[in-house]
Amino acid sequence: MVENAGTTLLSIRGLETRFGSKVIHSGLDLDVKAGEILVLFGGSGTGKSTLLRAIIGLDAPAAGSIFLDGEDITQFDESAWREVRKKVGYSFQNGALFDSLTVAENLEYPLRELTDMPPDERQKAIHDMLERIGMPDIAQLYPSELSGGMQKRVGMARALMLNPALILYDEPTAGLDPANIKKISGLMLDRKAHGQTGILVTHDVPCALAVGDRIAFLHEGRIAVIQDRAAIDREPDERIEAYIKGDVE
Ligand SMILES: Nc1ncnc2c1ncn2[C@@H]1O[C@H](COP(=O)(O)OP(=O)(O)OP(=O)(O)O)[C@@H](O)[C@H]1O
Ligand SMILES: [Mg+2]
């Protein structure tokens, strides 16, 4: 069991994000409990990735607060953000590997940038991670030599290198074959079993229902509804049900 299960790890209040005059989120509130995987559903372009980017500090919000372990990270300076980057991993929608670096160098990157781990320990951590994601022999390959599914798994592995308390998964299974989807879902469940908290943005309904503890629905800039996994089987909210059935664009 997770030591601090049930406490709130991340708390977002009154979040507003915008690109120029275009408002993406307005008055958005969301709590994520320690140890859960919270699924975020929402139509394309509703601002799911933008929300994850705000949490990791890539897009500064126009207003509102994001509390991580009780501290408002929107107020942090650059050195405090380094600590956030150790606690929060981001598995990018497009993998976002460095093309000019090998797989091993990609995985080493967060260790070099954010820790003082000695080189031999870094190599061991890379080796262990490649074992864990089931691809022990790809360390010296470049991203262009990998399939799309392998790139996604390496991208996720890089986000996991620092064993972050919170991991943000942005469409981890999109475009993958069933075998890779199963591996990625298994990895997410394994991480959850180890106490890691996750936010999962996905259009993959079976995957969401398999790994999610709660499902939130983003609509018109806010979390319109949030439901426990069990309640979705019993009596799903009509908006979540419509999304699951494919009736939401
Ligand atoms: N850097 C940017 N500059 C301007 N507009 C942006 C930028 N990034 C995103 N947007 C806009 O913000 C809105 C939300 O984009 P976002 O990528 O968060 O959507 P999403 O919910 O993740 O969609 P999808 O499911 O297709 O990935 C979109 O209308 C998009 O055009
Ligand atoms: Mg997106």
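Q: In what order do the six strands of the open sheet sit?
A: This is a predicted model, where local features need pLDDT of at least 70, side-chain atom pairs count only at pLDDT 80 or more, and totals for chains, interfaces and linings use all residues. Residues are numbered from 1 along each chain as its sequence is written, with chains lettered from A and ligands numbered from 1 in the order written. Strands here are DSSP E runs of at least two residues, helices H or I runs of at least four, both numbered from the N terminus, and two strands pair if DSSP finds at least two bridges between them. The pairing is mixed, and the order reads β6-β7-β8-β3-β9-β10.

Q: Which strands are at the edges?
A: Look for strands that pair on one side only. That picks out β6 (88-91) and β10 (222-228).

Q: Which residue of β7 is the bridge partner of S91?
A: β6 and β7 (residues 166-170) run parallel and are joined by four bridges. In β7, S91 has as its partner Y169.

Q: What angle does helix α5 make with β6?
A: Helix α5 (residues 148-160) packs on the sheet and touches β6 and β7, contact meaning C-beta atoms, placed from the backbone, within 7 Å. Axes are lines fitted to C-alpha atoms, for helices over the stretch in contact, with angles from 0 to 180 degrees between N-to-C directions. For α5 against β6, that gives about 170 degrees.

Q: Is V103 buried or exposed?
A: V103 is found in helix α3 (residues 103-114). Buried takes 20 or more other C-beta atoms within 10 Å of the residue's own, exposed 12 or fewer, and partly exposed is in between. V103 has 26, so it is buried.

Conventions
Contact = placed C-beta atoms within 7 Å.
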